[in-house]
Amino acid sequence: MSFQLGAALLDACVLAVLSRRDTYGYVLTQQVREIMNISESTLYPVLRRLQKNDYLITYDEAFQGRNRRYYQITKLGKEKLQEYVNEWEDYKNRVDKVLIGGKSSE
């Protein structure tokens with residue numbers, strides 16, 4: 001079973017992956033796929049939106065005769081990620097109250 005997850009959670013997951021290290025689209029997609037079903041065609045509009053909001057920047061590096069576009073989280077992106085983490089903790093605690101009767105994983 002899987003739960004439907006919204007755009008904000010997808011944004012948060014992308015920013016979280018990029019907070020660990022810069023990476024390119026294919027690797028980013030594979031890492032996000034570990035928690036949600038997403039295709040590269042779904043991911044690239046998300047990356048463009050995050051870049052437009054100044055949460056990430058891009059740079060190119062040569063790899064085997066071609067350029068690879070890397071994504072890097074910005075200071076503003078790290079701040080947004082922290083907001084998402086705080087909101088997730090609050091949401092998770094409220095869901096835990098309903099699903100497991102107030103027991104928390106803490």
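**Pocket lining, aromatic cluster and sheet**

Helix α1 makes the greatest contribution to the lining of the second largest pocket, supplying 6 residues. The model examined here is predicted. Two further helices also take part: α1 (7-20), α2 (25-33) and α4 (75-99) each provide at least two residues of this lining. In total, 13 residues line the second largest pocket, and Leu-9, Ala-12, Cys-13, Ala-16 and Ile-35 are those nearest its centre. By residue class, the lining consists of 11 nonpolar residues, 1 polar residue and 1 charged residue. The volume of the second largest pocket is about 240 Å³.

The strands were examined next. Three strands, counted as 3 in an open sheet, follow the order β1-β3-β2 and pair in antiparallel fashion. Strands β1 and β2 form the edges of this sheet, each pairing on one side only. The antiparallel strands β1 and β3 are joined by 2 bridges. Across this pairing, Tyr-24 is placed opposite Tyr-70 of β3.

Aromatic contacts were then considered. Such a contact is described by the distance between the ring centres and the angle between the planes. The model contains 3 aromatic pairs. In one of these, the ring centres of Tyr-24 and Tyr-70 are 5.5 Å apart and the planes meet at 75 degrees; because an angle over 60 degrees counts as edge-to-face, the pair falls in that class. This pair connects distant parts of the chain, with Tyr-24 in strand β1 (residues 23-24) and Tyr-70 in strand β3 (residues 66-73), 46 residues apart. Tyr-24 has a relative accessibility of 18% and therefore counts as buried, the cut-off being under 20%. Tyr-70 is likewise buried, at a relative accessible area of 15%.

Tyr-70 also pairs with Tyr-59, and this pair is stacked, with 5.6 Å from centre to centre and 10 degrees between the planes. Here too distant parts of the chain are linked: Tyr-59 belongs to strand β2 (residues 56-63) and Tyr-70 to strand β3, at a separation of 11 residues. Tyr-59 has a relative accessible area of 27% and is therefore partly exposed. Through these ring pairs, Tyr-24, Tyr-59 and Tyr-70 are linked into a cluster.

Contacts between charge and ring involve Arg-68. This residue lies over the face of Tyr-24, at 3.8 Å from the ring centre. The charged end of Arg-68 is also positioned over the ring of Phe-63, 3.5 Å from the centre of that ring. Tyr-24 thus carries Arg-68 over its face while pairing edge-to-face with Tyr-70.

The loop between β2 and β3 contains Gly-65. Gly-65 and Leu-43 are 22 residues apart along the chain, and 25 Å separates their C-alpha atoms.

Definitions and conventions
Residues numbered from 1 in each chain as written. Predicted model: local features only at pLDDT ≥ 70, side-chain atom pairs only at ≥ 80, totals over all residues. Heavy atoms only, no water. 1 Å grid on protein atoms, 1.4 Å probe; cavity = no way out; pocket = protein on both sides within 12 Å on 5 of 7 lines; lining within 4 Å. Points joined across faces, edges and corners; volume = space filled by probe spheres on them. Helix = DSSP H or I, 4+ residues; strand = E, 2+ residues; numbered from the N terminus. Nonpolar A, V, L, I, M, F, W, Y, C, P; charged D, E, K, R; others polar. Phe/Tyr/Trp six-rings, centres within 6.5 Å; stacked < 30°, edge-to-face > 60°. Buried < 20%, exposed > 50% of the residue type's maximum accessible area, 1.4 Å probe, protein only. Lys NZ or Arg CZ within 6 Å of the ring centre and 35° of its normal. Pairing = 2+ DSSP bridges.
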